[in-house]
Amino acid sequence: MIRLEKRPEASQLMSYASPLIAIVLMLIGGLLLFAFLGKNPIEGFKVFFINPISDLYGVSELLLKATPLMLIAVGLAVGFRANVWNIGAEGQLIVGGIAASAVALYFYESEGIHILILMVIAGAIGGMLWAAIPAFLKTRFNTNEILVSLMLVYVAQLLVSWLVHGPMMDPDGFNFPQSRMFEDPALLPLLSDENRLNFAFVMAIGALLVGYVFMYRSFAGFQMQVAGYAKDAARYAGFSAKRMIWIGLLSGGGMAGLAGMSEVAGPMGQLTEHVSNNYGFAAIIVAFVARLNPVGIFFASLLMALLYLGGEQAQQYLALPSSISNVFQGMLLMFLLGSDVFINYRIRWKEATA
Amino acid sequence: MDSSILSSILFATIVAGTPLIIVALGQLIAEKSGVLNLGAEGMMAMGAIAGFAVTLHSGNPWLGVLAGMAAGIAMSFIFAVVVLTLMANQVASGLALSILGVGLSAFIGKPYESEILPTVGAIRIPLLADLPIIGDALFNQQALVYFSWALFAGITWFLYRSRPGLILRAVGESPSSAHSIGYHAIKIRYLATLFGGAMAGVGGAFLSVFYTPLWVEGMVSGRGWIAIALVVFATWRPFRVLVGAYLFGGVMVVQLFVQGSGLEINIPSQFLSALPYLATIVVLVIISRDQNTVRLNAPVSLGQPFRPEA
């Protein structure tokens, strides 16, 4: 009989190995899924995981998709480390995108670098404002931040829907629910002429570095880490729980808002109802798979971006709905959480007679 | 106000509140055993597509409800293995279940997006249904509406009047004490979690088979999360779940009537659609302001993993 036995101490090795185990299990799950759907599993695997990055343009698209994920995940990780559960990054992204678009439209037909700078600031502030609602309600009334931040996702989706159907609709757009296309001064500069990768990728790398310094080299980051491991110890040491809640939610919100800005000023070039492609939720998975570590977030974002691109390929070449990406994402997180048991426990085979 | 309008608002409120009652009561049982499953949204979505697909193919809505129930149980079983046997974090695992369920339902449901099911007739209770205003709303309803009332009565009896209910609550308060006097805490948590999943599946199937009756990706639109919020709002008491669900049902239908009333009200529809979500936040704030009520009523071990010392 199989039995779980508590390890004397947590296994360092397993805490790094379990994301890899989860990825392998996800791939096996994917092969079975393709087979179950009557597709050749090997062919499906190739279309989903290899084709998207088989040329340089594909790799640039991978980095483009990974950019918002990196931004959001590093912001969320700051809060998750202190058990501040901001689940509403999707909504914060949308509001950030709205704020940045408002700046872009306000400066329509004018020039200058200040437009982009203001868009960055507006995006981050928009996301922070949306995250400030659960932070305020949590610190003031002790309201559950998970449910509040999540409810605000739906509100944000309705808000953007109203704006692109109303005040921010393109006046020359034949009533399509979308804003004007932004002009060049409101678009992030491309990194090369060959592809769509833009300056947001540089911001994302910068955010990962800043996140790393905050988490591992700052006192506030240390406090939040302590609070995550042992709430009572943190309180005994006099660390302010309210301050951590604010930092945790605002960093996630700000980064998500920035991601919203990078979408409207990047690949989309306008505000539509579909500002986000579920990035806010996918980034939660990224943060977990990455063990809330910025280096891990870099790689986990690439993996998650590959799942997005694979879904698009599967739609095109295998006639499967692109929501297959979400299936892979959900499987990955589930497998990860399951295999994490081996960090603290090990398997013992016991005689059946016992 | 015209009494026929009042009557139809009441009717629609009861219908809109019904899936919330079913799902929230299921979650209530799981939470009473100490398991917080944030995957209700995903389980509902799977219940909705399973119920829709089976009803479409079989032509029998009751097979559809059973299929929805089975899908909910299957989803909650995954969750139970991960959090109860493998002792994973309940918050993260519940989220994963929501993401998985919403994604998987969209994936499975793609071919069904243009289909429509025939409307299922209501069950009319003679005499009572002839009462003015409340007659139709209460006694000329879908079978699952009556089911939700039976569920409420059954769960109230189970929790407060039956021995298994007492054991369930004991496990939720202190799994180690319950374990030490010989109850199998993990097994009880498994059963409670599966029951929560079953009810989430039925609630989802109600949406796609009886309420709309069609399948659209994302059609659960937060009802699973609202059901979880309802349990907190109700401070884990079944009667308040019932009241809360109808309050939310009322908020959900009010916008339809405002839009359909022909009144010259200059409010964009999106603002009205946001009302249920805003109402959820408001009630959560009201209930959580008073920490003592929440602390006194919340199962003590809610969300905590338990592992018997072998």
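Buried means under 20% relative accessible area, exposed means over 50%, and partly exposed lies in between (1.4 Å probe, protein chains only). This is a predicted model, in which local features need pLDDT of at least 70 and side-chain atom pairs count only at pLDDT 80 or more, while totals for chains, interfaces and linings use all residues. Residues are numbered from 1 along each chain as its sequence is written, and side-chain values use heavy atoms, with hydrogens and water left out.

Select F219(A). At 53% relative accessibility, F219(A) counts as exposed. Helices here are DSSP runs (H or I, at least four residues), numbered from the N terminus.

Next, select Y279(A) and Y308(A). These two form an edge-to-face aromatic pair, 5.3 Å centre to centre with 65° between the planes. Rings of Phe, Tyr and Trp (its six-membered ring) pair if their centres lie within 6.5 Å; planes under 30 degrees apart count as stacked, over 60 as edge-to-face and the rest as tilted. Y279(A) lies in helix α11 (residues 279–289) of chain A and Y308(A) in helix α12 (residues 294–317) of chain A, so the pair ties together parts that are 29 residues apart in sequence. Both Y279(A) and Y308(A) are buried.

Now select F34(A), F45(A), F48(A), F49(A) and F328(A), which ring pairs link into a cluster. Over all chains, the structure holds 25 aromatic pairs. Return to F219(A) and F222(A): their ring centres are 6.1 Å apart and their planes at 25°, so the pair is stacked.

Methods:
Chains lettered and ligands numbered in written order. Helix = DSSP H or I, 4+ residues; strand = E, 2+ residues; numbered from the N terminus.
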